[in-house]
Structures are given as structure tokens and as C-alpha cells.
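Hi everyone, thanks for making time for this. Let me put the structure up, and then I'll talk you through a few parts of it.

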Amino acid sequence: MSSGEVTIEVRESAASKPYVEVFQEDQKLWEVFKFVEDYLGPGAMLWNVNTQDIFTSGDKAMKKSLQDLGLTGHVMFMGVRKDRIPRMPARGPVRGAIGGGGGGGSGRGGGGGSHYHGESSNEHSLSLEERKERAKQFLQEKRQIDKAAAVEAEKEKEKERRRIGQELMREKIKKEKEEMKKVSESIAKRKASKRAELEAIRAEIARDKEMRKKEREGSSSSTPAPVKTVTPAVRDGKVKMKIKVADSTLMKTFEETDLLSNVLDYVKQEVKQEVTLSNTYPRKDFKSEDLIQSLASLGLTGNVSLVGKSAAA
């Protein structure tokens, strides 16, 4: 039966970059420590975040498999380098053996417990369990410090995010104001252009009215001189036609003998749509019966201004 995989994740602090390696459940704990030493250096200590168990390089557990130690699935360790492992104060005379069991003998004895390289003889007077407990306290304090530091770091990140958000909002508002200014300027230009165009049309209509008034005054006079003004020598039979259709102005010269239908056909051909014609002054909308009459019979002589309207309007 093949063993499962075990993912070992080691961090020095909650905010530090994790070091991850995949092992098999039947591999020994010392193989994990070999990987850890590449990261933290020799003599490091591991603290199981979930079970609170502490392992050091001198433990008997080094020869046990990960499965036997209950290290399966995804295991998270907090790692402490050798030079950061707390030194323990002496608590009484040095015992001859750290582990249980009687008998004399000096040195490490039959207990086979873990020990820290470079410690004083007083530190060796503590039992393995006492040292593990003190190390556990140290790791808990370190974890609290790291947690507080992470909270402060998150606060700083939040301040930076807010600052960036405010800068982006100010920039957005600035751009929107600039766009609104451009739109307002464009609208103002279009309005000014439209006013200028309307003024030009009004001026042209006023000139046509004045010209027609003079022509009527001349034709109604009983003196011989005005009568001569209607002779061919004065009026050449040409009609200079200006037709305003929507946004365009058409200009063409017709004969006085031309029918109004000729003018309408010309306008339709130019604007590509059905239109009706009307006189600007005196105001008159031409009907279908007017189309078969000549321009002269309709009083459309000399300079004439007409308005073309879409038949669908």
C-alpha cells in the first residue's frame, strides 16, 4: 500500500514567505529537518501550529515516520532559528539524565532528549519537557508580536489604499470637469453659428422685402417713366431664384416663362426628397394648381427667395 503525500509548510512569522516541500507519509522526521535546515540553518526548532507540538533536532521522534507522528495532509510549522531559541535559566542542580529511569551516569543519559547547540550547563539542567514549554511560550509571544505587526502593516496598507483612492477620485473629478467644459464650449460655438446663420437669413429676407416694395411702387405709378421699367430693356426675363431647403440654400436662374413646376423639379432633384414651395414675402404656400403657371404670372420676377419644406413635415 503506497503512502500518501504530506505538504510541509514552514514560516518564520505569520507575514513571512512560506517554504513548502512535499514528503511521503513513510518518510522520517529527520528528512523534514534536513529540508528545514536549508531554510533556517542547523539547530532550528519547529512548532506545529495546529497541535502546539515542538520538535528539535535531538528528539527521539527524528526516527519516526510522519504518519506515526500524525503529520498528514497539510502541516504548518513555525520555525525558529538556533540563534533565536530562548535560553533557559537554571532550575536546581544538574541532573544526571534528562529522560526517566534510574541509575547513575552522567551526561545526557538514556532519555535521548533534544538539546540546543552552544547552551550553558545550567540550561542543560532543564528537562526536555521544560525546555519545550518555555520554547512554546516564546513562540506564542512571538506569534502575538507578529500578529500585532501584521495588523499595523494592514492598517498602513489601508491608509495607502485610501490615499490612492482619493487621488484617483480627484483625478476623475478633474477630468469630468474638463470634459464638461469642452462640451459647454462646443454647444456655445454651435449656438453662435446658428444665430449667425439666422441673422444672415433675416437680412436676406429684409433685402428681398425692400426690393419688392420698390418694384411695386414703380409698377403702380401713373407716370411714363415707371412704365418703361417693365420693358424688356430693363427686365431681361431672368429670374434669379434662391431656395432655402433645410440646412442648404439652392441658387439658380430661371426664365420668367418657366413654370413653377420646373423650379419644384429642380429642388427635388437636388435634395432627393419630396418638397413643397412657399414664398417668403408676401407669405404664400404654393398649391398644385400653381405649378402649371409661369413664374411671371405668379409675380416671381427679378430676385426671388423661396422656402422649400419636406412634404412629410
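**Salt bridges, a sheet and its helix**

Let's start with Lys242, which is partly exposed, its relative accessible area being 21%. For this label, buried means under 20% relative accessible area, exposed means over 50%, and partly exposed is in between, with a 1.4 Å probe and protein chains only. Before I go on, a word on the source: this is a predicted model, where local features need pLDDT of at least 70 and side-chain atom pairs count only at pLDDT 80 or more, while totals for chains, interfaces and linings use all residues. Residues are numbered from 1 along each chain as its sequence is written, and side-chain values use heavy atoms, with hydrogens and water left out.

So which residue does Lys242 form a salt bridge with? The partner is Glu204, and the closest N and O atoms are 3.0 Å apart. A salt bridge here is a side-chain nitrogen of Lys or Arg within 4 Å of a carboxyl oxygen of Asp or Glu. Lys242 sits in strand β6 and Glu204 in helix α2, so this pair ties together parts that are 38 residues apart in sequence. Helices (H or I, at least four residues) and strands (E, at least two) are DSSP runs, numbered from the N terminus.

The structure holds 16 salt bridges. One of them joins the side chains of Lys155 and Glu152, at 3.8 Å from N to O. These two are 3 residues apart in helix α2 (residues 128–220), which means about one helical turn separates them. Lys155 is partly exposed at 45%, and Glu152 is partly exposed at 43%. Glu154 also has a partner, Arg161, with 3.0 Å between the closest N and O atoms. That pair belongs to a network of salt bridges linking Glu154, Glu158, Arg161 and Arg162.

Now back to β6 and its sheet. In what order do the 5 strands of the open sheet come? The order is β7-β6-β10-β8-β9, and the pairing is mixed. Two strands pair if DSSP finds at least two bridges between them. At the edges stand β7 (248–255) and β9 (284–285), each with a single partner strand, so one side of each has no neighbour in the sheet.

Strand β6 (residues 238–245) pairs with β7 in the antiparallel sense over 8 bridges. Along that pairing, Lys240 is opposite Thr253, and Val239 is opposite Phe254. The hairpin of β6 and β7 has 2 residues between the strands, and Ala246 there takes a positive phi near 55 degrees. With β10, β6 runs parallel, joined by 7 bridges; Lys244 stands opposite Val307 in β10.

Which of its residues are buried? They are Leu260, Val263, Leu264, Tyr266, Val267 and Val271. Looking down the axis of α4, these buried residues fall within an arc of 160 degrees, so they line one face of the helix; the arc is that of the directions from the helix axis to the C-beta atoms. The buried residues pack against β6, β7, β8 and β10, where contact means heavy atoms within 4.5 Å.

To finish, just after α4 comes Lys272, with a positive phi of about 60 degrees.
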